[in-house]
Amino acid sequence: MPKVKTNSSAKKRFKVTGTGKIMHQKAFKRHILTKKSKKRKRNMRKDGEVAASHLHFVKRLLRLK
């Protein structure tokens, strides 16, 4: 049997922590930044955790389940 491949776009977008959480980059920080507050932009620097409702799908893309 051939090996099952991990989804290439998913492995670039998600990181798995040591405790098993799946993290992602926050959206809306690419352009049109002048109208966004400093606080909002600063909070977008941090990684976000994948929501529980999407977890099963992301794990399937990353071949973790």
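Two strands are taken to pair if DSSP finds at least two bridges between them. On that criterion, in this predicted model, 3 strands form an open sheet in the order β1-β2-β3, with antiparallel pairing. The strands β1 (14-16) and β3 (48-49) stand at the edges of the sheet, and each has a single partner strand, so that one side of each is left without a neighbour in the sheet. Strand β1 is joined by 3 bridges to β2, which comprises residues 22-24, and these two strands run antiparallel. Within this pairing, Val16 has Ile22 of β2 as its bridge partner.

The sheet belongs to a protein with 3 helices and 3 strands, whose elements follow one another from the N terminus as α-β-β-α-β-α. Among contacts between residues at least 6 apart in sequence, 52% join residues that are at least 24 apart.

As to overall dimensions, the radius of gyration of the protein is 15 Å, whereas a compact globule of 65 residues would have a value near 11 Å. The C-alpha trace spans about 55 × 25 × 20 Å along its principal axes. Of the 65 residues, 14% count as buried, and the accessible surface of the protein comes to about 6,000 Å², with 55% of that area belonging to carbon and sulfur atoms.

In soluble globular proteins, nonpolar side chains tend to be buried together. In the present model, the largest nonpolar core has 5 residues, namely Ala10, Ile22, Val50, Val58 and Leu62.

Arg42 is placed in helix α2, which covers residues 38-43. The relative accessibility of Arg42 is 41%, and this residue therefore counts as partly exposed, a class that lies between the limits of under 20% for buried and over 50% for exposed residues. Arg42 and Lys29 are separated by 13 residues in sequence, and the distance between them in space, taken from C-alpha to C-alpha, is 9.7 Å.

Technical notes. Residues are numbered from 1 along each chain as its sequence is written. This is a predicted model: local features need pLDDT of at least 70, side-chain atom pairs count only at pLDDT 80 or more; totals for chains, interfaces and linings use all residues. Side-chain values use heavy atoms; hydrogens and water are left out. A nonpolar core is a set of buried Ala, Val, Leu, Ile, Met, Phe, Trp, Tyr and Cys residues joined through side-chain atoms within 4.5 Å. Buried means under 20% relative accessible area, exposed over 50%, partly exposed in between (1.4 Å probe, protein chains only). Helices (H or I, at least four residues) and strands (E, at least two) are DSSP runs, numbered from the N terminus. The radius of gyration is taken over C-alpha atoms; the globule rule is 2.2 Å times the number of residues to the power 0.38. Contact means heavy atoms within 4.5 Å. Accessible areas come from the Shrake-Rupley method with a 1.4 Å probe; for residues, only the protein chains shown count as cover.
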